[in-house]
Structure formats: structure tokens, C-alpha cells
Amino acid sequence: MPTITIATTAPADLETEVLILPLLSGGEDAPSRVPDQEELTAAIAELDPSASRGATHRLPALGGVSARTLLLVGLGVEDLAEASAEDLRLAYGAATRVLAGVEQAALALPGGTPEQLAAATEGAALGAYALTAHKSGTPAVKAALAGLQVLAEDGQEEAAETGAARSRVLAEAVGIARDLVNTPPNLLFPAEFARRAEELAAELPLEVTVLDEQELADGGYGGIVGVGQGSARPPRLVKVHYAPEGARGSVALVGKGITFDTGGISLKPAAGMEDMTSDMTGAATVLAATVGAARLGLPLEITTYLALAENMPGGGAQRPGDVVTMRNGRTVEVLNTDAEGRMVMADALVDAVATEPDLVMDVATLTGAAVVALGKRTAAVMGTEAARDEVLAAAGTAGEPFWPLPFPAELREDLTGRFADLRNIGSGRWGGALTAGIFLSEFVGETPFAHLDIAGPAFADAPLGYMGKGATGMSVRTVLEVLEARSR
Ligand code: BES
Ligand code: MN
Ligand code: ZN
């Protein structure tokens with residue numbers, strides 16, 4: 001996360017390596033948003049650069065501008081007044097993302113509202129991310145942009161400070177999730193994930209409890225034990241508890257933490273299997289959001305569960321057809337060992353609802369079917385109606401694309417087991433994202449429930465706006481917004 005400072009210097013007078021300025025797609029008028037410099041305006045008109053959202057252009061600064069270089073970023077709108085908060089986040093995030101390797105940059109949004117400046121700052125903070133821990137340094141690895149100055153216009157300083165403070169918390173939380181997801185699967189296994197959770201909680205009012213494989217077996221967590229038993233690196237269930245004084249309510253969060261998903265004995269094809277390093281994104285997301293909530297000091301009790309296991313086809317692995325007894329005593333036929341997420345999540349959900357929270361919300365890279373339905377950038381939300389709407393409203397505020405999917409009653413019948421209470425895959429072929437969600441809801445009971453399937457947006461093949469390739473951190477801000485909204 002970059003160091004963010006506020007300055008009130010006029011954009012043209014600021015000495016910095018790079019000055020980030022907006023470019024509007026409005027023909028003649030477009031360059032007028034650049035500080036009133038004729039030479040520059042003429043140069044931009046000559047270049048006719050694309051002003052599509054997130055398109056970036058680096059120029060040497062001309063006479064009258066003190067910055068060494070300019071980075072113009074397209075907002076994708078003709079008029080600044082039309083630029084939404086998410087337009088600004090994506091554009092300014094694209095700008096700082098391409099500034100990896102640069103020490104210092106400044107951003108300005110001449111003529112923007114304080115809210116727009118705050119959104120630009122948030123995007124810029126989110127875009128300044130790189131995980132360099134695993135590069136040996138040859139050729140030189142580009143670190144993320146280190147320092148960011150936000151240029152506030154007269155009377156905007158206070159709003160800019162508030163925006164910067166918020167951006168720091170959000171970018172830190174999103175960075176926590178991205179770092180966990182981008183850590184390769186040989187280095188991030190269940191016990192190591194649990195250790196990282198303890199490390200992150202250390203300086204915060206968060207209490208962490210870790211159940212190891214013996215405790216899981218003794219406690220009857222058949223879903224987690226079954227999925228984890230094929231790996232030499234045993235499973236864990238981590239509980240993170242935040243209980244501030246004067247809490248206005250309680251929320252339980254559950255995250256899918258499969259540190260690598262080979263599919264188990266129902267082995268996945270080799271092509272693309274490496275992306276299954278991201279199958280712990282749900283756990284990373286709820287942990288990051290909990291850290292963010294604690295940093296913000298939200299008056300809300302939060303109990304977060306990380307269901308951690310590695311799904312491997314070892315000699316001790318579970319077989320298709322195995323029947324396991326879950327944490328609540330119900331039995332499940334494991335007909336496909338690749339439908340492992342719902343098995344680990346179900347056990348954690350049983351514990352989560354036992355605390356009688358006002359809401360239980362889970363986040364999981366649960367199904368390929370969700371990606372087929374909504375593509376790589378939109379996440380699915382399912383659950384009880386009010387909880388689902390609450391997530392959609394929060395996602396709208398955060399600017400993250402979520403879309404609702406239903407739990408049709410007839411799909412429940414496809415999950416009835418032959419010898420056991422339930423089967424872990426539907427007998428029918430269609431609607432796999434819904435079937436998986438309905439399976440989870442069987443372990444939730446009457447508690448208001450939201451299920452977020454982020455299999456598509458969690459991990460990207462290509463950069464977009466403030467998101468680079470790999471872990472996106474998508475959904476951290478939505479989960480945090482749900483928690484914030486409940487704290488207001
Ligand atoms: N982790 C996968 C889901 C997934 C797929 C995440 C693509 C990200 C990208 C999950 O464990 C899985 O394998 N699901 C199966 C379920 C099936 C066996 C019922 C799937 O979606 O194919
Ligand atoms: Mn799987
Ligand atoms: Zn999985």
C-alpha cells in the first residue's frame with residue numbers, strides 16, 4: 001500500500017516524478033481538464049490519445065508544469081460530472097498499476113467533487129499493489145508505487161483526508177487478501193494460513209482459535225477431515241473473534257480455504273489446474289474484511305471461520321462414494337471429491353450459526369457453474385431474500401459487480417442421498433451454482449444467510465482497472481461494506 005499524503009499545491013506547480021491527470025472523451029473539450037496550459041493542451045490534441053476508461057498515456061511535462069512527467073488516464077466519459085465512483089476507481093487504479101517501479105506520484109482531479117476525489121484516491125491506492133516476495137531480483141522486479149500525493153482543491157482538504165484514511169484501510173485489507181491468494185500453494189498450506197491469521201490478528205483486538213486435525217476429528221467435522229485426508233498437510237479450522245464493547249449486532253463470516261484444489265480422486269484435468277491456488281480466496285476475503293473491520297473499530301461482533309484444507313489425491317484420500325458424518329450429525333455421500341468446497345464450508349457453517357448471529361455470510365470460489373453463468377468479472381450472490389438484497393446494496397456502494405441467483409425448490413430434491421441424508425453433487429446436470437448454494441443452506445437453518453460465489457472474479461487472467469493479473473481482492477470491499485452498513 002502506498003503512503004498517501006494530501007497537498008493543496010496547484011497541479012501545474014507540483015514537483016513530482018509523475019502527475020496523474022484525467023482525460024475525458026469529449027473531443028475538443030477533453031484536454032481542458034488538464035491544468036490550463038496551452039502547450040500541453042495542444043500536445044494532447046496533436047496526440048489524440050484514447051480516452052477510454054483506464055487507457056494510460058505517459059508524456060514528458062511541457063513548459064509551465066513542474067512535474068517531470070504526466071500520466072493521462074481515460075475516464076471513459078465525456079463530462080467529469082458523469083464519472084461514477086467506480087469509473088474513477090478503475091481509471092486511477094489503472095494509472096497507479098502501470099506506475100510500478102516509480103517511487104513518487106501525485107494525482108489531481110481538477111474540477112471534481114470531494115466524493116470523486118475520494119474515489120480516485122481509493123482506486124489509486126488499490127492499483128498500487130505488487131507481490132514481489134517470490135522474485136529473485138533478476139531481472140529487477142518492479143515494486144508497487146511507494147508514495148502518492150493527493151492534490152486537493154481549495155476547501156476539499158478535509159474531505160481528501162477522510163478519503164485518504166478510508167483508502168488506507170481498504171487498500172490494506174484488499175492487499176492482505178491478494179497477498180494470501182498470490183502466495184503459491186507449496187508455501188501456503190492450511191497450517192501456514194492459520195499462522196498468518198494469528199500474525200495478522202496480533203496487534204488488533206482479534207482473538208484467534210485454531211483447531212488442528214485431531215481436534216477436528218474429535219469434534220466430528222467430517223466434511224473438513226474428509227477433504228483434508230488425502231494431503232500430507234492436514235486441515236485446520238480457524239476462528240477469528242472480534243467482540244468490541246457496545247456492539248450493535250453480530251455477523252458470522254465463513255470462507256472457503258482450499259489451499260490447492262486438485263479435485264482429489266475425482267482429479268481435475270491438467271490444463272489450468274495451477275489457477276486452483278486461488279481456491280482459498282473466500283477465506284482470505286473474510287479474514288481481510290475482519291481485519292479491516294477491526295481497524296475501523298466497527299461496533300459489531302464478528303465471528304469469522306476459515307475452513308482450511310488441501311484437496312489432494314493421496315493414498316489416504318476419500319473415495320467417491322464415501323459417506324461422511326458432518327459436524328451437525330448429518331450424513332453426506334461424497335459422489336465427487338471435486339465438490340469439496342461445500343463439504344468444508346458446511347462444517348464451518350454449522351459452528352457459525354450455533355453462535356446465533358444476526359446474519360451468516362459465506363464467501364467461496366465454489367463452482368465453475370457460477371463462472372459459466374456470470375463470466376469472469378461478476379460474482380453471484382444467493383441466500384435468503386433480505387440478506388441477498390443487503391449484499392447487492394453493499395456491492396453497489398462498493399462498486400463491485402454482483403448479481404443474484406435463486407434457490408429453486410425443485411433443485412433441493414436432486415441432493416437427497418441414496419444411503420445417506422445428502423449427496424454432495426446434484427443428480428441433475430444444470431444449475432450447479434444453485435445446487436451448491438442449496439447444499440450449504442441445508443446447514444444454515446433459520447439464520448439469515450448470504451452466499452457469495454466468487455469463482456469467476458477472484459483470480460484474473462488479465463488486468464482491469466485497479467486489479468492486476470492474479471488475485472483481484474474482489475468482494476473484500478463488499479463484505480466490509482455490509483459490516484459497515486450494519487454498524488451505522
Ligand atoms: N474450486 C472449484 C470451483 C472453481 C472452478 C473455482 C473454476 C474457480 C474456477 C470447485 O471446488 C469445484 O471443483 N467445483 C466443481 C463442482 C462439481 C464437481 C459439482 C465444478 O464447478 O466443476
Ligand atoms: Mn473442487
Ligand atoms: Zn474447490
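Which domains does the domain assignment of the protein chain give? Domain 1 covers 3–153, and domain 2 covers 175–487. Before going on, a caution: this is a predicted model.

Let me start with how the two domains sit against each other. Their C-alpha centres lie 36 Å apart. Domain 1 puts 13 residues into the contact, and domain 2 puts in 17. The size of an interface is often given as the accessible area lost when the parts come together. Here domain 1 and domain 2 bury about 1200 Å² between them. Of that area, 59% is on carbon and sulfur atoms.

Which residues of domain 1 lose the most area to domain 2? They are R97, L126 and Y129, and together they make up 44% of what the domain 1 side buries.

The charged end of R178 sits over the Y129 ring, at 5.2 Å from the ring centre.

Now the polar side of the interface. Between domain 1 and domain 2 there are 8 residue pairs in polar contact, counting pairs with both residues at pLDDT 80 or more. The interface also has 1 salt bridge. As for salt bridges by name, R477 forms one with E122, and the closest N and O atoms there are 3.1 Å apart.

Last topic, the aromatic rings. How many aromatic pairs does the structure hold? The count is 1. The rings are those of F439 and F443, with centres 5.4 Å apart.

Are F439 and F443 buried or exposed? Both are buried.

Note on methods: Residues numbered from 1 in each chain as written. Chains lettered and ligands numbered in written order. Predicted model: local features only at pLDDT ≥ 70, side-chain atom pairs only at ≥ 80, totals over all residues. Heavy atoms only, no water. Phe/Tyr/Trp six-rings, centres within 6.5 Å; stacked < 30°, edge-to-face > 60°. Buried < 20%, exposed > 50% of the residue type's maximum accessible area, 1.4 Å probe, protein only. Lys NZ or Arg CZ within 6 Å of the ring centre and 35° of its normal. Domains from an automatic or database assignment. Contact = heavy atoms within 4.5 Å. Buried area = accessible area lost by both parts, 1.4 Å probe. Salt bridge = Lys/Arg side-chain N within 4 Å of Asp/Glu carboxyl O. Polar contact = N/O pair within 3.5 Å; in protein donor to acceptor, adjacent residues only side chain to side chain.
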